[in-house]
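Hello,

Here is the structure we talked about, with its sequence. Please look it over before reading the notes that follow.

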Amino acid sequence: LTRLRRFVARVFLPHAFPSSVSADYWPYQRLIVLQSVCVAATYVYATHALLTALGVSSGDAVALSATASWVLKDGIGSLGSMVFAHLRGTSMDTDPKRAKFHADCFTTVGTALEMATPLVPPLFVPLAATATAIKAVAGMAGGASRVALYRAFAQRSNIGDLTAKGYSQSV
């Protein structure tokens, strides 16, 4: 049990936790995890509703299969981002420019894989899951490196403003 707790802590908590974060980090993160679980549960229903709206009958086995495939694809993507965060999370602070460049490259590769899915329909789930995992890693690396870059740019404790304006500029 102790080994499992250490493993979970290494995967999900920042390096050198709790000394590397402020005292209000953990109470906040607990609420964020709860919110994420609720969002994930509603996402399954929303995906099913979207597929139904596209004409896939809600009682149809095809709708259930499509929903399961979509959720599996996204679940594998989330798993990929968790593994990446565990293995490379601290590198976002040491070389944010390189991390941002790699994130942009990963986004392109993930998008190309998604575009290839119609070419081989039987491989939809593995291709789409791989694409989603790559794009999830790209999103994480891009976001984390962006924060590190903006921290360097901020001159007046205005990292929030820089981040917000950066997102609005990247439409």
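Serine 145 is a residue of helix α6, which covers residues 124-153. Please keep in mind throughout that the model is predicted. Is serine 145 buried or exposed? Its relative accessible area is 0%, and buried means under 20%, so serine 145 is buried. Apart from residues up to four places away in sequence, serine 145 touches Met92, Pro96, Ala99 and Lys100.

Aspartate 95 is 50 residues away from serine 145 in sequence, yet their C-alpha atoms are 8.0 Å apart in space. Aspartate 95 sits in the loop between α4 and α5.

**The chain as a whole**

The protein chain contains 7 helices and 0 strands. Of the 171 residues in the chain, 22% are buried. If you take the contacts between residues at least 6 apart in sequence, 58% of them join residues at least 24 apart. The accessible surface of the chain is about 11800 Å², and carbon and sulfur atoms account for 68% of that surface.

**The largest nonpolar core**

Which residues make up the largest nonpolar core? There are 6 residues in all: Phe84, Met92, Ala99, Ala103, Val137 and Ala141. Helices α5 (96-116) and α6 each contribute at least two residues to this core. Met92 and Ala99 belong to the core, and both are also touched by serine 145.

Valine 137 is another member of the core. Leaving out neighbours within four places in sequence, valine 137 is in contact with Gly80, Ser81, Phe84 and Phe106. One of these, Phe84, is itself listed in the core.

**The largest pocket**

How much space lies in the largest pocket? The figure is about 1700 Å³. The pocket is lined by 42 residues, and those closest to its centre are Val11, Phe12, Pro14, Tyr25 and Ala85. The elements that each give two or more residues to the lining are α1 (2-12), α2 (25-53), α3 (61-88), α4 (91-94) and α6. Helix α2 supplies the largest share of the lining, with 12 residues. By type, the lining has 26 nonpolar, 10 polar and 6 charged residues.

**Towards the end of the chain**

Serine 157 is in the loop between α6 and α7, the latter being residues 159-169. What is the phi of serine 157? It is positive, at about 50°, although serine 157 is not a glycine. Serine 157 has a relative accessible area of 79%, and since exposed means over 50%, serine 157 is exposed.

Glycine 166 is placed in helix α7. Its relative accessibility is 7%, under the 20% limit, so glycine 166 counts as buried. Which residues does glycine 166 touch, not counting those up to four places away in sequence? They are Arg146 and Tyr150. Arginine 146 is 20 residues from glycine 166 along the chain, and 8.8 Å separates their C-alpha atoms.

Regards

Terms used
Residues are numbered from 1 along each chain as its sequence is written. This is a predicted model: local features need pLDDT of at least 70, side-chain atom pairs count only at pLDDT 80 or more; totals for chains, interfaces and linings use all residues. Side-chain values use heavy atoms; hydrogens and water are left out. Helices (H or I, at least four residues) and strands (E, at least two) are DSSP runs, numbered from the N terminus. Buried means under 20% relative accessible area, exposed over 50%, partly exposed in between (1.4 Å probe, protein chains only). Contact means heavy atoms within 4.5 Å. Accessible areas come from the Shrake-Rupley method with a 1.4 Å probe; for residues, only the protein chains shown count as cover. On a 1 Å grid over the protein atoms alone, a cavity is a set of points where a 1.4 Å probe fits but cannot get out, and a pocket is an open set with protein on both sides within 12 Å along at least five of seven lines; lining residues have an atom within 4 Å of a point. Grid points are joined across faces, edges and corners, and a volume is the space filled by probe spheres set on the points. Ala, Val, Leu, Ile, Met, Phe, Trp, Tyr, Cys and Pro count as nonpolar, Asp, Glu, Lys and Arg as charged, and the others, Gly among them, as polar. A nonpolar core is a set of buried Ala, Val, Leu, Ile, Met, Phe, Trp, Tyr and Cys residues joined through side-chain atoms within 4.5 Å.
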